[in-house]
Amino acid sequence: METIDIGLWVTGGLLVLVIVGMRVAFAAALAGLVGLVWIFWSKKGYASEDLGWALTVAIKTAGQVPHSKVSTHTLSLIPTFILIGYLAYYAGLTRALFEAAKRWVAWVPGGLAVSTVFATAGFAAVSGASVATSAVFARIAIPEMLKIGYNKQFAAGVVAAGGTLASLIPPSAILVIYAIIVEQDVGRLLLAGFIPGAFSALVYGLLIVGIAVIFKNVGPPVGGFTWGQRFAALPGALPIVAVILIIIGFVYNPFGEQAWGTPTEGGAIGAFIVFCFALWRGMRWGQLKSALLETAKLTAMIFSIIWGVLIYVRFLGFADLPGAFSDWITSLTLSPMLILVCILLAYAVLGMFMDAIGMLLLTLPVVYPAVMALNGGETVAAADSAFGMSGPMCAIWFGILVVKMAEFCLITPPIGLNCFVVAGVRPDLSVQDVFRGVMPFFVADGITIALLVAFPAIVLYLPSLAG
């Protein structure tokens, strides 16, 4: 049996394991190990006496992967970004953000829901975890919306959809993972996420206003705030502004010289600033302990997925499946843009059955080389490319697109994790209620993705400034 055939069989087995409910980390590690044993054994002609040798070599090969990849300096970004989010929550920044957004924009139709979206976008700028964002605002925003007569399904949908913005707006753990898998510059990818993230929040806000105008009973406006009250709410949000400016400054020096530091250093300083602010706001030892424990739990989960999937990725390299898939994609007679759209649609379907991080980790080693080949290769110039951009810019553009698809997967049934989190935080809501509430936001995400595909400059403007 050819190595390509082994790759296809093992990949099919992996998908079966994931669909029947095995955790992605364990399913990927098991599939990768079995695949490595299969390939090494096949090289010896499936002789029974060589099975032990194949198993030994496969275990040694798989064992080298986790440490060599996960010990890289870049991955230290992930726990730092997650810690910023939890410290911000215990510092009271989430409620301060929500209050500021409410005082400034709650007067529009559906204003409290729009305030929730903008507040989640602001919190996303200091948190790398969508799940944490949804959990926090389910406690803060939903009671406020229900108090003035919002439909509970719609209120839950707003929070679940708003939480997805943390996947795109830096600091984003998923963007860091994408950069590591495809070996691209983390700083440029983080820069690229700002405008699409803000754009996504704006589209969500416009959708909510439109729904509130058409259905008068959905989201009554909230008025009565004076200009003095509005400006008084702004200082509570200043630490978030400081963190955003620090991350941008460390990734891209706005004064035109070299960057002030690495994204990791920017994240560490951002975490220190939020920590100091939390202490000033009266954070106790128990709250700090909870923040550290939650950060450790989420980091361990993400790293476990990375470990397992990297073993599978090593197997894919031996099976040469990425190369075969790239050759097949480039041999199609369809236009490159149509093929890209089909790939994005496939992500939408796959996201119904897998979590976002696992989905990207499993697919990118195969899909990313194919997309780069469609554009003309890693080093192609913009003038010679299929999508009108150079190889490095195509890598950034495609990264934002797939991360946006990962956002979409966080609210799609039956696995939409954000919906389960909101339902878990609010006992008065069922998972079915939350899934019904997020349905209008599928339209908003579809519009956003279409515009990002049609107008790549939305994604590439900031990275182009960084050179």
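Tutor: R230 lies over the face of W227, at 4.7 Å from the ring centre. Keep in mind that this is a predicted model. W227 also has ring partners: ring pairs link W104, W227 and F231 into a cluster. So much for one site.

Now the aromatic pairs. The structure holds 15 of them. One is formed by Y312 and F315. Where do Y312 and F315 sit? Both are in helix α14, residues 285-319. They are 3 residues apart there, so about one helical turn separates them. Both Y312 and F315 are buried.

Next, the core. In general, nonpolar side chains of soluble globular proteins tend to be buried together. Here the largest nonpolar core has 161 residues. Which members touch the most others? They are I78, I302, Y347 and F398. Domain 1 (1-71) and domain 2 (78-297) both give residues to this core, so the core lies between them. The C-alpha centres of domain 1 and domain 2 are 40 Å apart. Look at I78 itself. Setting aside neighbours within four places in sequence, I78 is in contact with A173, V176, I177, I302, F303 and I306.

V158 gives another inside view. This residue is in helix α8, residues 152-163. Is V158 buried or exposed? Its relative accessibility is 0%, so V158 counts as buried. Beyond neighbours within four places in sequence, V158 contacts A113, T116, V117, I208 and F441. I329 is 171 residues from V158 in sequence, and 38 Å from it in space, C-alpha to C-alpha.

Last, the backbone. Most residues other than glycine have a negative phi. Y46 is not a glycine, yet its phi is positive, about 60 degrees. Y46 is in the loop between α2 (24-43) and α3 (51-70). With a relative accessible area of 33%, Y46 is partly exposed. E183 also has a positive phi of about 60 degrees, and is not a glycine. Its place is the loop between α9 (173-182) and α10 (186-214). E183 is exposed, with a relative accessible area of 65%, and the cut-off for exposed is over 50%.

Technical notes. Residues are numbered from 1 along each chain as its sequence is written. This is a predicted model: local features need pLDDT of at least 70, side-chain atom pairs count only at pLDDT 80 or more; totals for chains, interfaces and linings use all residues. Side-chain values use heavy atoms; hydrogens and water are left out. Helices (H or I, at least four residues) and strands (E, at least two) are DSSP runs, numbered from the N terminus. Buried means under 20% relative accessible area, exposed over 50%, partly exposed in between (1.4 Å probe, protein chains only). Contact means heavy atoms within 4.5 Å. A nonpolar core is a set of buried Ala, Val, Leu, Ile, Met, Phe, Trp, Tyr and Cys residues joined through side-chain atoms within 4.5 Å. Domain bounds come from an automatic or database domain assignment. Rings of Phe, Tyr and Trp (its six-membered ring) pair if their centres lie within 6.5 Å; planes under 30 degrees apart count as stacked, over 60 as edge-to-face and the rest as tilted. A charge sits over a ring if NZ of Lys or CZ of Arg is within 6 Å of the ring centre and within 35 degrees of the ring normal.
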